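Here is a short report for someone meeting this structure for the first time. Please look over the sequence and the model before reading on.

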Amino acid sequence: SFLGYFGYIRQYIPGLGAACSHLHALKTKSTWTHEDRTDARTETEKLKALLAKPRSLDAFVDDDSLHFTVYTDASKCGIGGALFQQAPDGTKRLVQIFSRKLKDAETRYSTTKRELLALKSCVRDFKYYLRGRPFTAYVDHEALIHMRNNLEKLTDTERGWLEQLQEFAMNIKYIKGTDNTVADALSRVFINNLIDPAIAAAGLTTKEMLKAPYKHLSQFVKAS
């Protein structure tokens, strides 16, 4: 998930794809030599340096013709999501991200309840961009698409979350988990040793993993 996240943001950071290539190669090896671990530390430090360079999230454009899309996901340890706005040239601009660790009780939620929590939390966090504008929310859990038609099967908490989403002109669509890269990574940054021993060996902390790409815009990141 973490390298998948890098795979997405490399279009915004020159040289990031090349910096990840050695770590990708090491993932295919079942055992690492001392030289491999040394190389991994070196490559990861280069990667961290690239991520630490000043940059910004793309600026929001107040134009109702530029459609918003939200991607959300939940793991067993966290929830995360990203808000994009369509640019005039048809590309997607990353406007804001959200991520937080699940509370102890939340880790025992069903998969559907965690996914709904992720959707509700992200949309509410992005509310100042989304209120009064139609947008599409992409989720990789199909049950969310049909929840409004099965209210009798929901808990009081789940119905309450759906009510909080009623104020938004949201169209929920399904996306394959393999295509939900950014949200997936943001929901999993709280897992220890997320990629492989290379990241752990380099001393990359959870906060660095999440905040490094947008270090000077930490106000956009909600993390425990």
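This is a predicted model: local features need pLDDT of at least 70, side-chain atom pairs count only at pLDDT 80 or more; totals for chains, interfaces and linings use all residues.

In general, two packed helices are described by the angle between their axes and the distance between the axes. The axes of helix 4 (residues 111-125) and helix 6 come within 10 Å and cross at roughly 30 degrees. Because angles under 35 degrees count as roughly parallel, helix 4 is roughly parallel to helix 6, and the crossing between helix 4 and helix 6 is left-handed. Residues of helix 4 that meet helix 6 include Leu116, Leu119 and Val123, while those on the side of helix 6 include Trp161, Leu162 and Leu165. By class, this contact has seven nonpolar, two polar and four charged residues.

Nonpolar side chains tend to be buried together in soluble globular proteins. Here the largest nonpolar core has 29 residues, and Leu83, Leu119, Val123, Leu130, Phe135 and Met170 are those with the most contacts inside it.

Methionine 170 touches, among others, Leu119, Val123, Phe135 and Leu165. A second, separate core of nine residues includes Tyr71, Ile97, Ile175 and Val182.

Glutamate 142 lies in the loop between strand 4 (135-139) and helix 6 (156-165), and with a relative accessibility of 46% glutamate 142 counts as partly exposed. The C-alpha atoms of glutamate 142 and threonine 112 are separated by 9.0 Å, although these residues are 30 residues apart along the chain.

Notes:
Residues are numbered from 1 along each chain as its sequence is written. Side-chain values use heavy atoms; hydrogens and water are left out. Helices (H or I, at least four residues) and strands (E, at least two) are DSSP runs, numbered from the N terminus. Buried means under 20% relative accessible area, exposed over 50%, partly exposed in between (1.4 Å probe, protein chains only). Axes are lines fitted to C-alpha atoms, for helices over the stretch in contact, and angles run from 0 to 180 degrees between N-to-C directions. Angles under 35 degrees count as roughly parallel, over 145 as roughly antiparallel, 65 to 115 as roughly perpendicular and the rest as oblique. A crossing is left-handed if the near helix is turned anticlockwise from the far one by less than a right angle, and right-handed if clockwise. Contact means heavy atoms within 4.5 Å. Ala, Val, Leu, Ile, Met, Phe, Trp, Tyr, Cys and Pro count as nonpolar, Asp, Glu, Lys and Arg as charged, and the others, Gly among them, as polar. A nonpolar core is a set of buried Ala, Val, Leu, Ile, Met, Phe, Trp, Tyr and Cys residues joined through side-chain atoms within 4.5 Å. Lists of a residue's contacts leave out its neighbours within four places in sequence.
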